[in-house]
Amino acid sequence: MRLLEASYFEGYEILEGSGEGAKPLIVRGVFGRANVKNENGRIYPDSVWRKVLSESSEAMGRIKSRNFFSELDHPDDGRTLLQRVAGLTTRLEMRPDGAVYGEAEILPTPAGKILEALFRSKAKIGISSRGEGDLLKTESGDIVQENFELQAFDFVHNPSTQG
C-alpha cells in the first residue's frame, strides 16, 4: 500500500459559537468528491468513499471518539503528531451528488491558531485527504482501490481539486 493524498477546495462555511466563553471556530464544506479525477490524476470511486464513511469504519469510530485529527499541510512521514494538530474532524457524510461533506473544529493549538487566522482572513485554504491504499493505473486515471484507509483530512495551501 502507498500513501495517497487528494485535496479539495470549494469554499467553506465558517461557523462560530455565540454567547459567553470561547467558542471554537467550525468550518464546513466539501472534503472530497467521488468519481472525479483530481489534479493528482486519482479517482476515488463512490464505493471507496461509502466504505470509508460506513458506520462501522475505523475513520467514523475515530470521529465519534474525537480522535480524527488534522494538521496544517501533510506531514512528510504520513503520520499524525499531536504537537502539529490544527483541527479535529467532527463529521463526515456522503451526499447524493458524490460530495464528501465534512465539518472540522479548529483547535486552540499553535497550528490551530494559524489556521484560524487564515480562515478569518478569508484565505484560500484547501482540505486534503491522507490515507493508504493501492492504485489501479488506467488510461482515464489512477483508481483508488477498496483497501484505501483514510487517516486524516489535513488543511493545505495548494489543493489538487479546485472548486
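R84 pairs with E71 in a salt bridge whose closest N and O atoms are 2.8 Å apart; the term covers a side-chain nitrogen of Lys or Arg within 4 Å of a carboxyl oxygen of Asp or Glu. The two partners sit 13 residues apart and link distant parts of the chain, with R84 in the loop between strand 5 and strand 6 (85-94) and E71 in strand 5. Strands here are DSSP runs of E, at least two residues long, and helices are runs of H or I, at least four, numbered from the N terminus.

R84 is partly exposed at 28% relative accessible area, while E71 is buried at 1% (buried is under 20%, exposed over 50%, partly exposed in between, with a 1.4 Å probe and protein chains only). D77 also forms a salt bridge with R84, at 3.8 Å between the closest N and O atoms.

## About the model

This is a predicted model, where local features need pLDDT of at least 70, side-chain atom pairs count only at pLDDT 80 or more, and totals for chains, interfaces and linings use all residues. Residues are numbered from 1 along each chain as its sequence is written, and side-chain values use heavy atoms, leaving out hydrogens and water.

The structure holds 13 salt bridges. One of them joins R66 and E105 at 3.3 Å, N to O. R66 lies in the loop between helix 2 and strand 5 (69-71), and E105 in strand 7 (residues 99-106), 39 residues away. R66 is partly exposed, at 45%, whereas E105 is buried, at 13%.
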